[in-house]
2 protein chains.
Amino acid sequence: MAHKPVIALLGGGQLGRMFLENALRYDINVHVLDPDPHCPCAQLATRFVPGDFDDTDTVLRFAQDADVIGIEIEHVSVEALDDLKAQGKTVIPDPSVLRTIKDKGLQKQFYRDHRIPTADFALIHDKSQIAEHPALLPAFLKARSGGYDGKAVMPINTASDTAMAFDGPCVLERRAEIQLELAVLVVRSAKGAVVTYDPVEMVFDPRLNLVDHLRAPARITNTIAVAAKALALRVAEAFAMPGLYAVELFLTKSGELLVNETAPRAHNSGHHTIEACTSSQFDQLLRAYMGWPLGDPALRGHAAMINLVGEGGTGPAELKGLDDVLHVPGTFLHLYGKHETRSGRKMGHITAVASSHAELDQAIAVTKVHCKVVPRTGSTINQH
Amino acid sequence: MAHKPVIALLGGGQLGRMFLENALRYDINVHVLDPDPHCPCAQLATRFVPGDFDDTDTVLRFAQDADVIGIEIEHVSVEALDDLKAQGKTVIPDPSVLRTIKDKGLQKQFYRDHRIPTADFALIHDKSQIAEHPALLPAFLKARSGGYDGKAVMPINTASDTAMAFDGPCVLERRAEIQLELAVLVVRSAKGAVVTYDPVEMVFDPRLNLVDHLRAPARITNTIAVAAKALALRVAEAFAMPGLYAVELFLTKSGELLVNETAPRAHNSGHHTIEACTSSQFDQLLRAYMGWPLGDPALRGHAAMINLVGEGGTGPAELKGLDDVLHVPGTFLHLYGKHETRSGRKMGHITAVASSHAELDQAIAVTKVHCKVVPRTGSTINQH
């Protein structure tokens with residue numbers, strides 16, 4: 001290429017690794033910044049830099065020669081992104097989008113301002129204000145910033161729960177009566193072209209509050225699928241900037257669709273797109289970064305994605321039961337290259353592609369029964 | 001893994017690179033040996049060793065700690081593979097298979113011995129023996145070893161062409177009246193399980209004698225497709241060893257199927273399987289190496305693969321016209337990471353997936369008109 005473009009990626013976890021796998025095909029230079037020198041991207045990036053992606057100076061130094069700056073985690077220095085954008089670089093997501101999304105309060109207010117349906121809420125300065133909103137109970141209390149993967153979220157069922165609540169600026173959000181949780185990926189190009197993936201159904205593990213598995217397409221009527229895609233598209237269009245938007249939705253028991261939250265990046269709910277869609281979420285993100293035409297999001301058949309979450313404590317990771325899983329036709333392994341497993345840590349996933357939900361049931365069942373990531377036998381185990 | 005297995009790959013070109021892209025997902029250690037420190041695999045292998053894969057001692061040293069030894073080119077030391085197999089390592093292809101295939105004379109004799117239909121031929125010691133086989137003319141003269149990508153092959157139309165013929169041990173092969181060239185990939189697991197891909201149609205560039213593009217499925221009747229798959233399976237079963245077999249076939253004008261030649265490795269004719277098949281040729285090869293169950297070879301829709309071959313001389317590579325190609329839905333780029341382009345060098349390929357051959361026609365036409373790999377403007381150009 002006349003000048004071979006450089007993408008600077010903030011964060012070197014599994015999302016970055018899957019992005020790299022695809023970017024390799026296009027022979028693109030991808031530089032990665034992550035504090036962990038053993039992170040999943042460390043060995044694969046064209047250039048790996050150990051460092052803190054939430055430190056403005058570190059990010060500015062890291063990205064000074066890049067053409068495009070992307071993220072694989074929200075907890076990065078938005079100030080650095082502002083500066084890099086001002087230098088004329090392509091920054092995806094736009095710093096304004098990230099600033100809105102990182103603060104759960106601003107994010108909720110954004111939906112309200114854009115008349116995007118979301119569970120009713122109030123922004124409160126500290127927990128003493130919970131008592132001012134009895135009509136929102138039962139509710140969830142969510143820290144406006146710093147929450148991740150279910151942490152910094154707690155249920156407030158009655159006013160008496162306030163005593164145990166954490167303090168500081170929060171969103172108090174009425175608890176939706178959830179029938180299903182859905183996610184819809186939308187991709188927006190620099191030129192404003194948009195593609196939308198079919199809704200996926202997210203099935204949570206109630207113990208870990210992580211996605212246990214997902215299915216595509218979601219088991220919903222066509223009417224709801226069309227409405228979910230339209231709603232996710234409204235979210236992306238409201239943000240009005242290029243990038244990937246993973247829009248999580250609640251389908252309530254009364255059949256209403258509410259936006260839960262949006263991630264402005266590749267997302268766990270899109271991992272099945274690697275095998276099951278013509279163009280994967282990682283391929284689309286690359287196209288968005290590079291200003292290329294977007295890919296075809298069509299889902300081929302049925303797909304499930306089952307997270308492989310560490311069990312049995314901490315230690316060097318060992319995968320068990322793979323052979324049993326791969327005996328089920330259409331199954332694939334993704335291991336993220338994390339050396340140490342911990343109970344609850346996302347270590348990889350299994351994708352199954354099939355021609356029906358019944359076939360997926362089998363793949364999901366076999367995976368959940370046989371496939372485990374545990375500390376290697378004989379290693380020191382710190383049981384959690 | 002209790003012991004994380006190591007695959008040692010002889011050759012670090014594009015086939016190795018695409019193998020690595022997939023192996024990354026499974027977090028497998030892949031070591032690569034290649035004489036070129038800038039080869040497509042050099043930056044991606046878990047460990048890269050510069051060295052000659054045709055040198056027995058070099059290969060033995062390189063692979064001493066490996067569990068599995070594979071190849072991405074035939075021109076490797078078979079003696080080293082014999083030794084590594086004797087040490088109890090998994091060697092795919094088996095040295096006996098590679099020895100037969102590397103010598104075009106032994107390969108042809110193998111088909112004859114196994115009653116596998118192939119163009120009639122004679123093995124000759126030197127060109128003076130051409131005159132003894134007038135019934136084989138018009139024919140192709142093929143050097144028994146050392147030939148690659150059309151080199152060391154020449155047409156012998158009449159006895160008078162003998163004067164210009166190269167000398168040494170050759171196959172003199174009657175020229176088939178070819179209607180179509182097909183290729184069928186067969187994968188055989190260590191446990192003897194076998195899967196067969198749908199036949200692809202190879203369209204050659206007559207100037208370069210390289211595959212210009214291929215289409216899957218081939219535009220043949222179902223009867224011929226079934227017969228082609230059965231014939232390719234017979235070839236793999238005759239070799240009776242685990243691995244990938246890319247079986248090239250002639251469909252003659254009289255409707256006969258003849259085996260042209262077999263490659264015991266990943267093959268250009270299987271690149272479309274990355275996007276268009278549930279499990280790609282590279283995924284299958286990994287499964288064969290690891291002793292895992294084989295993947296699903298089902299072809300989804302229609303696919304074309306168009307080679308991007310260097311044009312306009314030698315120099316740092318520049319890709320032109322990608323944006324035009326990516327505007328066609330279902331198109332994907334693969335660039336092999338070769339820094340220098342040369343006229344006729346395989347630099348990458350475009351895969352198109354579509355729902356009909358008519359749609360593929362469009363993608364092929366757009367690619368061939370717009371997409372070129374040329375020396376970068378302003379660089380020194382050595383016109384060939």
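Mentor: We may begin with the contact between the chains; the model is a predicted one. Chain A gives 26 residues to this contact and chain B gives 26 residues. On the side of chain A that touches chain B, the elements giving two or more residues are helix 1 (14–25), strand 17 (315–320), helix 9 (322–326) and strand 18 (331–335) of chain A.

Trainee: How do the residues of that side of chain A divide into nonpolar, polar and charged?

Mentor: They divide into 13 nonpolar, five polar and eight charged residues.

Trainee: What makes helix 1 of chain A roughly antiparallel to helix 1 of chain B?

Mentor: The two helices pack at an angle of about 170°, and their axes are 10 Å apart. Angles over 145 degrees count as roughly antiparallel, so helix 1 of chain A is roughly antiparallel to helix 1 of chain B. In this packing Glu21(A), Leu24(A) and Arg25(A) meet Glu21(B), Leu24(B) and Arg25(B). By class, the contact between the two helices has two nonpolar, no polar and four charged residues.

Trainee: Why is helix 1 of chain B called roughly perpendicular to helix 8 of chain B?

Mentor: Helix 1 (residues 14–25) and helix 8 (residues 281–290) of chain B pack at about 70°, with axes 9 Å apart. The range from 65 to 115 degrees counts as roughly perpendicular, and therefore helix 1 of chain B is roughly perpendicular to helix 8 of chain B. The crossing of these two helices of chain B is right-handed.

Trainee: Which residues meet where helix 1 of chain B packs on helix 8 of chain B?

Mentor: From helix 1 of chain B come Met18(B), Phe19(B), Asn22(B) and Ala23(B), which meet Phe282(B), Asp283(B), Leu285(B) and Leu286(B) of helix 8 of chain B. The residues of this contact divide into six nonpolar, one polar and one charged.

Trainee: Why do strand 3 and strand 5 of chain A count as edge strands?

Mentor: They belong to an open sheet of five strands in chain A, with the order 3-2-1-4-5 and parallel pairing. Strand 3 (47–50) and strand 5 (90–92) of chain A each have a single partner strand, so one side of each is left without a neighbour in the sheet. Neighbouring strands of this sheet are turned by 20° against each other on average, direction ignored.

Trainee: What makes strand 6 and strand 8 of chain B the edges of their sheet?

Mentor: The sheet in question is an open one of four strands in chain B, ordered 6-9-7-8 with antiparallel pairing. Strand 6 (121–124) and strand 8 (153–156) of chain B each have a single partner strand, so each has one side without a neighbour in the sheet. The twist averages 25° from one strand to the next.

Trainee: How do you know that strand 7 and strand 9 of chain B pair?

Mentor: Five bridges join strand 7 (residues 139–143) and strand 9 (residues 170–174) of chain B in the antiparallel sense; at least two are needed, so the two strands count as paired. Phe140(B) stands opposite Glu173(B) in strand 9 of chain B. Helix 5 (residues 104–113) of chain B packs on this sheet, touching strand 6, strand 7 and strand 9 of chain B.

Trainee: Why does Phe53(B) count as buried?

Mentor: A residue is buried if 20 or more other C-beta atoms lie within 10 Å of its own. Phe53(B) has 23 C-beta neighbours inside 10 Å, and therefore counts as buried. Phe53(B) is found in the loop between strand 3 (47–50) and helix 2 (56–62) of chain B. Among its contacts beyond four places in sequence are Leu10(B), Leu33(B) and Val76(B).

Trainee: Is Ala216(B) buried or exposed?

Mentor: Ala216(B), in strand 13 (residues 210–216) of chain B, has 24 other C-beta atoms within 10 Å and is therefore buried.

Terms used: Residues are numbered from 1 along each chain as its sequence is written. Chains are lettered from A and ligands numbered from 1 in the order in which they are written. This is a predicted model: local features need pLDDT of at least 70, side-chain atom pairs count only at pLDDT 80 or more; totals for chains, interfaces and linings use all residues. Two residues are in contact if their C-beta atoms, placed from the backbone, lie within 7 Å. Ala, Val, Leu, Ile, Met, Phe, Trp, Tyr, Cys and Pro count as nonpolar, Asp, Glu, Lys and Arg as charged, and the others, Gly among them, as polar. A residue is buried if 20 or more other C-beta atoms lie within 10 Å of its own, exposed if 12 or fewer, and partly exposed in between; C-beta atoms are placed from the backbone. Axes are lines fitted to C-alpha atoms, for helices over the stretch in contact, and angles run from 0 to 180 degrees between N-to-C directions. Angles under 35 degrees count as roughly parallel, over 145 as roughly antiparallel, 65 to 115 as roughly perpendicular and the rest as oblique. A crossing is left-handed if the near helix is turned anticlockwise from the far one by less than a right angle, and right-handed if clockwise.
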